[in-house]
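Please look through the sequence and the model shown here, and then follow a short walk through some of the side-chain contacts.

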Amino acid sequence: MESPPPPQSLPPQILLTPKPDPDAPPSPTPTTHTALIPKPEPDAPTALTPELYRRELEPSPDDHPDFALQLRHSQLQLDAFSANLRLTAPNPQDDVNLQVSIPLPSDAAATATPSSATKKRNRAGEMVRVTSFTPQDHAHFRSIVRHARLTFEALRGIYLRQDNYDGARNRSDLRASSKMLSLGLWLYRNVRIVGPIPGVQVGDAFAYRAELCVVGLHCTPQAGICYIPASLVSEGHPVATSIVSSGGYLDDEDSGDVLVYTGSGGRQRNRVEHHADQTLERGNLALHYSYHYGVEVRVIRCHACESSSSRKVYVYDGLYRVVSSTFGPGKSGRDVCKYKLLRLPDQEELGSKNWCLAKDLKGMVDNKFLPQGYISLDLSNGKEAFPVAVCNNVDQESSLLDFDYIAHPELPLSLEFSPVKRHKGCHCKTTCGSSCSCVRKNGGGPVYNEDGTLVRGRPIVYECGDLCDCTMSCLNRLTQRGMKHRLEVFRSKETEWGVRTLDLIQPGAFVCEYSGDLVPSDVAMDEASFIDPKSLPKRWREWGDASDALLDDNVSQFHHFREPSYVLDVSRRRNFASYISHSSAPNAFVQYVLRGNENESCPHLMVFAMDTIPPMRELSIDYGIDQQVGP
């Protein structure tokens with residue numbers, strides 16, 4: 001049966017609701033007019049005027065004249081439609097079935113959501129686009145997305161460690177996603193968002209497709225094209241909202257800003273060539289109408305990645321416009337749907353491009369070649385497991401090269417701090433299990449997963465020490481084996497000095513240790529030259545916390561640990577960790593760690609990743625600055 005050819009001309013009435021031009025500058029409309037703003041405790045729902053969605057569809061100079069004429073025709077129709085458009089901003093206090101409500105990450109949200117069956121019926125939601133996004137809005141939604149991802153990782157870790165699963169394969173990612181869906185914890189489930197997803201930024205990396213669904217970036221766990229069905233579009237035609245490109249088709253071409261994407265179907269699993277003709281239906285048809293209506297599409301690229309827990313990584317590369325849609329014989333001789341997409345301007349750097357840049361930088365540093373803008377190949381002078389390069393292409397500042405580098409703090413055992421509790425050490429011969437005396441001090445069960453990630457945050461982690469019989473390969477000696485990721489210090493206009501990664505860092509992975517000179521807490525210090533562990537918010541509570549989904553998941557099994565009795569003086573001696581920047585929504589956190597017979601009042605300050613941190617992304621922790629400054 002021959003596949004129907006795509007439409008050759010536009011229908012008489014071209015009207016997509018709503019359709020601002022993705023190339024237009026941000027609207028000056030105040031953020032209170034944003035279509036999706038679950039503001040905390042609003043006084044009343046805000047009315048959205050039609051002017052919010054009124055944007056001139058000015059053609060780009062690179063557009064074909066026919067395409068520019070289509071844009072102008074669409075604008076005239078949109079103006080006519082906008083006169084009768086009426087939208088209302090959602091109130092978080094309204095009924096959970098409100099089409100534009102966003103499930104907030106709270107216990108109340110979980111208990112108030114309908115059943116799984118009801119949730120499926122309510123999937124059909126209003127089609128919206130978020131506009132007028134302020135930095136405050138971004139921070140608000142960023143924290144919501146971050147919370148959802150933390151819950152997903154906590155659930156995935158719990159399911160991964162279960163040995164009694166009855167399924168053929170323990171797909172912990174799918175089980176975690178399914179659990180969150182059943183509890184109404186998927187974000188933006190009741191709306192169909194065209195354009196950017198609030199709280200997700202270009203370059204964000206995900207290890208699992210199921211996680212894309214959780215945050216609303218791509219809402220189909222298997223299909224490469226996510227689309228809005230025709231029944232929800234006033235014109236009666238489906239439109240695509242996102243695609244996942246893995247380069248798995250013979251006709252795919254990818255040069256970054258230009259992507260030639262082959263539609264779905266006609267190919268056997270794990271095969272490149274087509275064995276049957278593709279058909280212009282479902283996602284293929286939706287992507288074709290995205291071309292006709294000029295609807296921007298979110299593009300997620302899938303890459304092979306050995307450092308990822310899934311051996312794959314999905315990188316969000318921003319918004320693209322479909323500029324051509326063709327149907328005809330492909331390289332295999334079968335009819336295929338081919339779409340050419342161009343990346344929209346004025347977006348953050350292409351996420352996938354940063355991976356290539358990081359790879360090149362690592363190669364130059366390893367070959368002792370100083371890249372342009374770099375002032376040092378190794379700040380640590382060989383004291384770290386990997387060289388820590390220093391980049392400054394902003395100004396002439398280089399004072400950080402003058403301090404004494406100390407990779408690890410010298411922890412005292414004297415009574416100047418507190419009496420030492422002696423620990424005899426374990427007698428495990430290879431690796432430590434549940435019967436290990438050190439492991440039992442942690443409350444039973446492993447502290448680290450087999451892949452070297454932290455199971456969950458806790459007041460203190462007890463690792464094996466010098467008096468233990470186990471080898472350095474013991475799983476309970478994770479931080480003692482040093483850095484596993486390539487990091488560098490860089491200069492920026494926003495944070496002055498900062499630290500960024502050149503590798504993909506898995507959530508829960510050990511990153512580095514804070515180092516400096518330990519000084520008793522009661523000694524007066526210059527505030528700018530020390531780090532006080534007691535001032536750091538307990539962000540470790542968030543890592544591994546699945547309490548939103550599992551009511552019996554809590555930290556009550558952890559015994560009390562008193563706060564450290566020292567501050568870390570970094571005025572003369574320190575390591576690169578002192579340059580990690582502050583954020584109220586950090587991608588890393590500090591975990592106290594003790595090894596064997598060490599002084600319990602002087603634990604190590606170890607940094608662990610809280611998110612999937614892609615290459616060239618800056619590291620950040622919460623220093624408690626917001627709490628100190630106050631409102």
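Which residues does Gln506 touch, not counting residues up to four places away in sequence? Gln506 touches Ser307, Ser308, Ser309, Asp451, Thr453, Ala609 and Asp611, where contact means heavy atoms within 4.5 Å. This is a predicted model, in which local features need pLDDT of at least 70 and side-chain atom pairs count only at pLDDT 80 or more, while totals for chains, interfaces and linings use all residues. Residues are numbered from 1 along each chain as its sequence is written, and side-chain values use heavy atoms, with hydrogens and water left out.

Gln506 itself is found in the loop between E18 and strand E19 (510-513); strands (E, at least two residues) and helices (H or I, at least four) are DSSP runs, numbered from the N terminus. With a relative accessible area of 15%, Gln506 is buried, a word that here means under 20% relative accessible area, whereas exposed means over 50% and partly exposed in between (1.4 Å probe, protein chains only). The side chain of Gln506 reaches the backbone oxygen of Ser307 at 3.1 Å.

From this loop we can turn to charged side chains. Side chains of opposite charge can pair when their charged atoms come close. A search of the whole structure finds 23 salt bridges, each being a side-chain nitrogen of Lys or Arg within 4 Å of a carboxyl oxygen of Asp or Glu. One of them joins the side chains of Glu306 and Arg311, at 3.4 Å from N to O; in this pair Glu306 is exposed, with a relative accessible area of 64%, while Arg311 is partly exposed at 44%.

A salt bridge also links Glu488 with Arg500, where the closest N and O atoms are 2.6 Å apart. Because Glu488 lies in strand E17 (residues 487-492) and Arg500 in strand E18 (residues 496-501), the pair ties together parts that are 12 residues apart in sequence. Both Glu488 and Arg500 are buried.

The side chains of Glu563 and Lys538 form a further salt bridge, at 3.1 Å from N to O. Glu563 and Lys538 both lie in the loop between strand E21 (530-531) and strand E22 (566-569), so the pair ties together parts that are 25 residues apart in sequence. Glu563 counts as partly exposed at 29% relative accessibility, and Lys538 is partly exposed too, with a relative accessible area of 38%. Finally, salt bridges can be followed through a network that links Arg146, Arg539, Glu542 and Asp622.

Technical notes: A polar contact is a pair of N or O atoms within 3.5 Å; within protein, one must be able to donate a hydrogen and the other to accept it, and residues adjacent in sequence count only if both atoms are side-chain atoms.
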